Structures are given as C-alpha cells and as structure tokens.
Amino acid sequence: MSLIAEIAVSLLLIIGGVFVLVGSWGLAKLPSVMTRLHGPTKATTLGVGACLIASMIYFPVFGGAYSAHELLITLFLFLTAPVSANMIAKAHIHRQGRGIDANPSDHIVDGLPPPPGTSDWATFVGADKGDGATSEGRGGETRP
Amino acid sequence: MTGTILPVALGFAFVCVSLSILLNLFRLWRGPLSADRILAVDTLTINAIAMIVLFGIAYATAAYFEAALLLAMVGFVGTVAYCKFLLRGDIVE
C-alpha cells in the first residue's frame, strides 16, 4: 500500500514538474503576448494541480494529518487562472488598440481582423459607449 | 519511512520548478510589453505555490500550506489590480 502510494506520488510529482516547466518554457519562447498567455494559464495550472494532488496523497499515507488546504488551493487556482488570463488579454487588447502585436502562427500580421457583421468587437463597443456617462464607467482606454 | 523513488522524483520536480522560475524571471526582465510582465509575475506566484508544496512534501510538514493559500489569493488579486491599472489608469475609483 505504501509502495503504491509512493509510486503514485512520484508519478504525480514528475508530471507536475514537467507541466510547470513546459508552461514556463512557453512563456519564455512563444512569439507574442496572446500566444504567451497559453503556456502559464493551462500547462502551469495543470502542473501545480498535479503537485497539490501528490501532496494530498502523501500526507495521509505517510503519517501526516489530512488537511483541506491543498483542495482549497487547487480549487482557488483552477477558478482564478482563467479569470486572470482573461483580464490580462483584455488589458492587452485595450492597451494596444487595434494594433495587437504580430502573431505569425495565427497569420495575424499587426492588427485585429474585422469582425463578421456590421458592429465592432464587443469589448471596443462597450468601451466607446460608456465613456464617463454611466456610473459603471467602462470607458476610457488609457491609450486609444 | 519512504523508499528511494520519492526523493528522486522530488529532486526532479525541484529542478523543473527552479528552471521555470528562471524562465519566468527571463520573461519578466525581457518582456517588451506590460502584459508580458504581468503574466510573468502571475506565473511566478503560481510557481512559488508549487515550490512551497514541494518543500512541504520534502520536509514532511504541513506548516507551509497557509502561506501557499495566501499566495494564491494575493497573487490573483494583484494580477487583477495590475490589469485594472493598465486598463483604467487607476485601481480604486
């Protein structure tokens, strides 16, 4: 039983380490911000989740007390990683205006393509409409 | 109490997380845009959580998990605050 648990913990640790490394390698290597977002938000979150599951298996088997902290951290990370990635992407889009940086892998040269239909992209429409008029105040690109 | 497999796996995971932190620091130093630097700091926080969990397994103590939980929460709030600052030029309006 102890050997099975040890093998499981070791396997999860190795998987977690590899995924964390792959995520950070993507962050360092990929060509543009929008592609760099993919590495940390997916691979690193999965790697940290594997490390936390390894810790959850390790402590009850090898004499420690079971604690819910790992489960809380896992839940919190899995909830907040997409939200923070969305916030970073939105800040980047609004910061750059129409000219997001070049992304050769997506064949986007130096800007957003026009959306299908007549209206603009929804995030720019909301930013243009509520410029100080609403109490919510969603206007105001810092660099239009 | 444990055999020989677990220390090897722990060492491998330590090396991987340390290399990841170095790569994050490279992006934080290099990153041409502010979004890159925010992303690098966010990933640094997540890697620090992984490092704390690995330390907890290596020393067989559960004393560090509150630090990891606090780091997760503060890291998320910090990322959102940085993004709001980029978007609006202000955090609390």
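**Notebook: helices of chain A**

I started with one pair: helix 3 of chain A and helix 4 of chain A run roughly antiparallel to each other (an angle over 145 degrees). They pack at about 175 degrees with axes 9 Å apart; the axes are lines fitted to C-alpha atoms over the stretch in contact, and angles run from 0 to 180 degrees between N-to-C directions.

I noted that this is a predicted model, where local features need pLDDT of at least 70, side-chain atom pairs count only at pLDDT 80 or more, and totals for chains, interfaces and linings use all residues. Residues are numbered from 1 along each chain as its sequence is written, with chains lettered from A and ligands numbered from 1 in the order written.

Next I looked up the overall build. Chain A has five helices and zero strands, counting DSSP runs of H or I with at least four residues as helices and of E with at least two as strands, numbered from the N terminus. Of its 144 residues, 35% are buried (20 or more other C-beta atoms within 10 Å of a residue's own, C-beta atoms being placed from the backbone).

Then I checked where chain A touches chain B. The contact (C-beta atoms, placed from the backbone, within 7 Å) takes 52 residues from chain A and 51 from chain B. Helix 1 of chain A gives the largest share of chain A's side, 16 residues. That side divides into 29 nonpolar, 19 polar and four charged residues; Ala, Val, Leu, Ile, Met, Phe, Trp, Tyr, Cys and Pro count as nonpolar, Asp, Glu, Lys and Arg as charged, and the others, Gly among them, as polar.

Note on methods:
Buried ≥ 20, exposed ≤ 12 C-beta atoms within 10 Å, placed from the backbone. Contact = placed C-beta atoms within 7 Å. Parallel < 35°, antiparallel > 145°, perpendicular 65-115°, else oblique.
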